[in-house]
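The following exercises ask the reader to examine a structure step by step. Each task is followed by a worked solution.

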Amino acid sequence: MVIFNDDEIGRLIKMPKMGADANAKWPTLRSKRGHVEAHATFGGTDQNEFRVVLRRSTFNPLAFSAVLMVRVPDSTRWFRLRRYNGNNHEHFNLVEGNRFRAFHIHTATERYQRRGGREDGYAEPTERFSSYDEAVRCLAEDAKLEMRPSYDPIQRGVSSGAEV
């Protein structure tokens with residue numbers, strides 16, 4: 001099992017990432033049971049492979065998740081670096097023992113990995129976004145996701161108003 005330390009996690013999040021091919025674009029959300037979902041692949045400047053997974057409930061506009069993952073070297077496993085979640089549930093930080101119900105950002109930490117929990121089990125409430133569209137933009141900005149300007153994620157059918 002690979003454990004990423006907090007410095008590595010921070011570096012991976014902040015590393016510029018480019019769409020996987022020259023014609024890269026945000027995929028359109030596709031219907032799945034009770035939600036819509038899209039995946040996009042990115043390459044990091046250090047040859048790491050990254051994946052973004054976007055999910056949004058078809059029933060509850062507060063139920064969404066925008067996730068940044070990196071492929072674990074020499075593995076098929078995807079490690080969740082960051083997750084931007086809606087305000088549809090109470091979150092509990094197991095190690096710290098605090099609860100809250102708010103829009104929140106999960107970040108992978110070494111301490112959660114070492115305790116055997118989900119790598120991104122720690123989360124903090126945020127006021128940076130209050131909708132799915134804003135959360136996707138925050139993820140794109142924080143993770144330095146680079147694509148052609150004409151491929152803005154909100155304009156490419158991953159927004160909450162998109163037809164699915």
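**Exercises on backbone angles and aromatic rings**

This is a predicted model, in which local features need pLDDT of at least 70, side-chain atom pairs count only at pLDDT 80 or more, and totals for chains, interfaces and linings use all residues. Residues are numbered from 1 along each chain as its sequence is written, and side-chain values use heavy atoms, with hydrogens and water left out.

**Exercise 1.** Determine where K144 lies and whether K144 is buried, partly exposed or exposed.

*Solution.* Step one concerns the backbone. Most residues other than glycine have a negative phi. K144, a residue other than glycine, has a positive phi near 55°.

Step two is the location. K144 is placed in the loop between α3 (132-142) and β11 (145-146); helices (H or I, at least four residues) and strands (E, at least two) are DSSP runs, numbered from the N terminus.

Step three is the accessibility. Buried means under 20% relative accessible area, exposed over 50%, and partly exposed in between (1.4 Å probe, protein chains only). K144 has 39% relative accessibility and therefore counts as partly exposed.

**Exercise 2.** Classify the ring pair of Y112 and Y122, and state which elements hold the two residues.

*Solution.* Step one is the rule: rings of Phe, Tyr and Trp (its six-membered ring) pair if their centres lie within 6.5 Å, and planes under 30 degrees apart count as stacked, over 60 as edge-to-face and the rest as tilted. A search of the whole structure finds seven aromatic pairs.

Step two applies the rule. The ring centres of Y112 and Y122 are 6.3 Å apart and the planes stand at 50°, so this pair is tilted.

Step three is the position in sequence. Because Y112 lies in helix α2 (residues 110-114) and Y122 in strand β10 (residues 122-125), the pair ties together parts that are ten residues apart in sequence.

Step four is burial. Y112 is buried at 5% relative accessibility, and Y122 is buried at 18%.

**Exercise 3.** Describe the surroundings of N93.

*Solution.* Step one: N93 belongs to strand β7 (residues 91-93). With a relative accessible area of 1%, N93 is buried.

Step two: the side chains of N93 and H91 are joined by a polar contact of 2.7 Å. Such a contact is a pair of N or O atoms within 3.5 Å; within protein, one must be able to donate a hydrogen and the other to accept it, and residues adjacent in sequence count only if both atoms are side-chain atoms.

Step three: leaving aside neighbours within four places in sequence, N93 is in contact (heavy atoms within 4.5 Å) with residues including Y112 and Y122.
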